[in-house]
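Okay, thanks for coming, everyone. Let me put it up.

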Amino acid sequence: MAIKYYSTNNSTPLVSFKEALIQGLAPDKGLFMPVEIPKLSLKEIFAMKEKKYWEIAFIVAKKFLQDEVPEEELERICKEAYDFEVPLEKVYEKKYLMRLDRGPTASFKDFAARMMSRLMQFFLKQEGKSLTILTATSGDTGSAVANAFFGLDNIKIVILFPKEEVSERQRKQMTTLGNNIRAIAVDGKFDDCQELAKQAFVDKKLAKLSLSSANSINFGRLLPQTVYYFYAYSKLFERKGEKAVFSVPSGNFGDICGGLIAKNMGLPVKKFIIATNENNEFPKFLNTGKYEKLTPSRKCLSNAMNVGHPSNLVRLIALYNGQMDETGKIVKMPDMKKMNEEIFSISVSDKETRQTIRRTYNNYNTILEPHGAVGWFALQHAPEGVTTGLCISFETAHPAKFPETINQVIAIKPNLPKSLEGLEEKKEQFKEMANDYAEFKQLLLKK
Ligand SMILES: *Cc1c(COP(=O)(O)O)cnc(C)c1O
């Protein structure tokens, strides 16, 4: 029996993975979640130790998709999507950094975008349909999606980014491709971009455009983001029964939701550390049980995490038997006790972020960029006892994406990965727009 997906707002009939992937957002503005999370046995997880990344992706994805995607097709998709390395770097005893930055656009967003684009293509071909994908980005989703979907003839991409809050390099990665990729600079914040996109998804007048989402509101993005948790654990565990701690630099909480789903599938996790920048609405909520979104969000060095109201919080709360609606209102309180047992969360200032980049370089010769530094700081400041065993902190972007900060703090120029070479000379093309839904709608309806 194929796994069904419900909407967190509970007013949408159950759908298949295909429908959840193609719709993106549920019509009742909730997010799709699996009714039942499939399980992997410890034996299956331990056996991943000898496997390649794409093979692990295939094993995990098959649990969700075996009734909807033929096995050979899924195997091919995983193999094609994951043709780059995933380094696990030992920083000191039992403390590791997983570098998720070796994909074609040098951030962890490549993991999801590359698998999602291939799955979408597969299903669209089956149906003979075409789609327009609307994506709000705080910097890295836009480029990963643009790269993953570039040149596909049945899918158009429209990217919304906050004009003043993406780096030069991030912007160029989205605005220099052309073809089926359109980029729009919004005079606003990431949360505004996300709001514009969400409004468009439920606007009946735009139905003819067949809009979908490649943001982490799409369940299709979460599935690939469960895989690297299994990968890291299986490569690094030394004895059966061992549990791992994961520190995850978080903004919209798609990455951490991937981890929580992995745990629900059976991955031995001791604790998740949700590391945020100065946008501290979640650590506050975890401490007090009161949720207040931050509007506007705070502008920090780790710009991809400048989120004042994480979309996927709705999913996190659902995983702890609560319910939150799309405005951030808690309809049913989640199990706060269990949440506090399984999750530690801390807000990291820009000052602490810089300090971490400096110290990690001086002490371990390890180069971190601002997002990874937020994760690493949080790991160093978890309560006593949490981090005694195996710990894995994520580096979610390549240091070369943030040359200004890194040069300022440790006076070196990080080497440019091949994928980012030659960007400077390329010609940019993008529209500028006020934070205004009417104007956005006009733009979408034009051709
Ligand atoms: C998107 C992003 C994050 C935050 O991930 P979420 O899934 O939104 O929590 C962290 N670091 C980088 C570099 C990113 O691009």
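Let's start with glutamate 425: because its relative accessibility is 66%, it counts as exposed. For the cut-offs, exposed is over 50% relative accessible area, buried is under 20%, and partly exposed is in between, with a 1.4 Å probe and protein chains only. Glutamate 425 sits in the loop between helix 17 (403–410) and strand 15 (431–434). Helices here are DSSP runs of H or I with at least four residues, strands are E runs of at least two, and both are numbered from the N terminus. From glutamate 425 to glutamate 404 you go 21 residues in sequence and 19 Å in space, C-alpha to C-alpha.

Quick housekeeping. This is a predicted model, so local features need pLDDT of at least 70 and side-chain atom pairs count only at pLDDT 80 or more, while totals for chains, interfaces and linings use all residues. Numbering runs from 1 along each chain as its sequence is written, and side-chain values use heavy atoms, with hydrogens and water left out.

Now, serine 234: buried or exposed? Buried, because its relative accessibility is 0%. Serine 234 belongs to helix 10 (residues 224–236), and a polar atom of its side chain lies 3.1 Å from the backbone oxygen of tyrosine 231. Leaving out residues up to four places away in sequence, serine 234 touches Ile45, Met48, Lys49 and Ile56, where contact means heavy atoms within 4.5 Å.

Ile56 takes us to helix 3, where it is one of the buried residues. Helix 3 covers residues 53–65 and is mostly covered, with 10 of its 13 residues buried.

On to the core. A nonpolar core here is a set of buried Ala, Val, Leu, Ile, Met, Phe, Trp, Tyr and Cys residues joined through side-chain atoms within 4.5 Å. The largest one has 130 residues, and Phe246 and Leu316 touch the most other members. Helix 3 gives the most to this core, with 10 residues. Phenylalanine 246 has contacts including Tyr229, Leu267 and Phe394.

Last stop, the ligand. There are 15 residues around it, and Lys109, Asp140, Gly251, Asn252 and Thr396 come nearest; being near takes a heavy atom within 4 Å. An N or O atom in the lysine 109 side chain is 2.6 Å from a ligand oxygen, and a polar backbone atom of glycine 251 is 2.8 Å from an oxygen atom of the ligand.

Conventions: Polar contact = N/O pair within 3.5 Å; in protein donor to acceptor, adjacent residues only side chain to side chain.
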